[in-house]
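Good morning, and thank you for making time for this presentation.

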Amino acid sequence: MERVLAMTSQHPVMVFSVSSCCMCHTIKTLFNEIGVNPAVHELDKDPNGREMEKVLARLLGRSPPVPIVFIGGQLVGSTDRIMTLHISGSLIPLLRDAGAL
């Protein structure tokens with residue numbers, strides 16, 4: 001848990017991902033297209049990725065937990081939450097407030 005919190009506090013936008021996940025790719029692409037360069041941690045490439053995935057699943061309240069996005073050090077959610085914020089026009093202001101844009 002400490003590692004996850006430390007990582008999320010160091011970056012305006014932190015995405016925990018699995019390299020083969022299409023939803024993870026979608027979220028990373030969305031951020032890149034709107035001009036955000038998120039920090040991305042690929043859990044499948046981390047020797048401790050399974051343990052981190054369990055922590056993230058507990059935080060999110062479901063499994064699988066990827067992609068899981070933190071903005072400004074705060075848990076925002078997964079694909080459905082990010083897309084809802086984007087469609088409603090709330091994502092850009094949230095990213096600005098976090099210093100990501």
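What follows is a short tour of selected residues and the pairs they form. Please keep in mind throughout that this is a predicted model.

I shall begin with the salt bridges. How many salt bridges does the structure hold? There are three.

Let us take Asp46 and Arg3 to start. These two residues form a salt bridge in which the closest N and O atoms are 2.9 Å apart. The pair links distant parts of the chain, with Asp46 in the loop between β2 (39-42) and α3 (49-60) and Arg3 in helix α1 (residues 2-9), 43 residues apart. Is Asp46 buried or exposed? Asp46 has a relative accessible area of 11%, so it is buried. Arg3, by contrast, has a relative accessible area of 38% and is therefore partly exposed.

The next salt bridge joins Lys28 and Glu42, whose closest N and O atoms are 2.8 Å apart. Here too distant parts of the chain are linked: Lys28 belongs to helix α2 (residues 22-33) and Glu42 to strand β2, and 14 residues separate them. Both Lys28 and Glu42 are buried.

Glu42 also takes us to another residue, Ser17. The side chains of Ser17 and Glu42 make a polar contact at 3.0 Å. Where is Ser17 placed? Ser17 is found in strand β1, which covers residues 13-17. Its relative accessibility is 0%, so Ser17 counts as buried. When neighbours within four places in sequence are left aside, the contacts of Ser17 include Lys28 and Glu42, and also Cys24, Val40 and Val66.

The remaining salt bridge is formed by the side chains of Arg50 and Glu53, at 3.7 Å from N to O. Both residues lie in helix α3, three residues apart, which is about one turn of the helix. Arg50 is exposed, with a relative accessible area of 60%. Glu53 counts as buried because its relative accessibility is 18%, and the cut-off for buried is under 20%. Beyond residues up to four places away in sequence, Glu53 touches Leu43 and Pro65.

I now turn to aromatic rings. A pair of aromatic rings is described by the distance of the centres and the angle of the planes. A search of the whole structure finds one aromatic pair. Which residues supply the rings, and how are they arranged? They are Phe16 and Phe70; the ring centres are 5.9 Å apart and the planes stand at 80°, so the pair is edge-to-face. Phe16 lies in strand β1 and Phe70 in strand β3 (residues 68-71), so the pair ties together parts that are 54 residues apart in sequence. Both Phe16 and Phe70 are buried.

Phe16 is also one of the residues touched by Met7. Met7 lies in helix α1 and, at 15% relative accessibility, counts as buried. Not counting residues up to four places away in sequence, Met7 touches Met14, Phe16, His41 and Met52. As for spacing, Met7 and Glu51 are 44 residues apart in sequence and 15 Å apart in space, C-alpha to C-alpha.

Finally, let us consider the surface. Which residues form a nonpolar patch there? They are Met1, Leu5, Leu59 and Leu75, and together they have about 320 Å² of accessible area. Leu75 sits in strand β4 (residues 74-77) and, at 35% relative accessibility, counts as partly exposed. Met1 lies in the segment before α1 and is also partly exposed, at 43% relative accessibility. Leaving aside neighbours within four places in sequence, Met1 is in contact with Val55 and Leu59; of these, Leu59 is itself part of the patch. Met1 and Gly73 are 72 residues apart in sequence, and their C-alpha atoms are 13 Å apart in space.

The predicted model holds three salt bridges and one aromatic pair, and a nonpolar patch lies on its surface. Thank you for your attention.

Notes
Residues are numbered from 1 along each chain as its sequence is written. This is a predicted model: local features need pLDDT of at least 70, side-chain atom pairs count only at pLDDT 80 or more; totals for chains, interfaces and linings use all residues. Side-chain values use heavy atoms; hydrogens and water are left out. Helices (H or I, at least four residues) and strands (E, at least two) are DSSP runs, numbered from the N terminus. Buried means under 20% relative accessible area, exposed over 50%, partly exposed in between (1.4 Å probe, protein chains only). A polar contact is a pair of N or O atoms within 3.5 Å; within protein, one must be able to donate a hydrogen and the other to accept it, and residues adjacent in sequence count only if both atoms are side-chain atoms. Contact means heavy atoms within 4.5 Å. Rings of Phe, Tyr and Trp (its six-membered ring) pair if their centres lie within 6.5 Å; planes under 30 degrees apart count as stacked, over 60 as edge-to-face and the rest as tilted. Patches are made of residues with over 30% relative accessible area and no salt bridge: like charges are joined within 9 Å, nonpolar side chains (Val, Leu, Ile, Met, Phe, Trp, Tyr) within 5 Å. Accessible areas come from the Shrake-Rupley method with a 1.4 Å probe; for residues, only the protein chains shown count as cover. A salt bridge is a side-chain nitrogen of Lys or Arg within 4 Å of a carboxyl oxygen of Asp or Glu.
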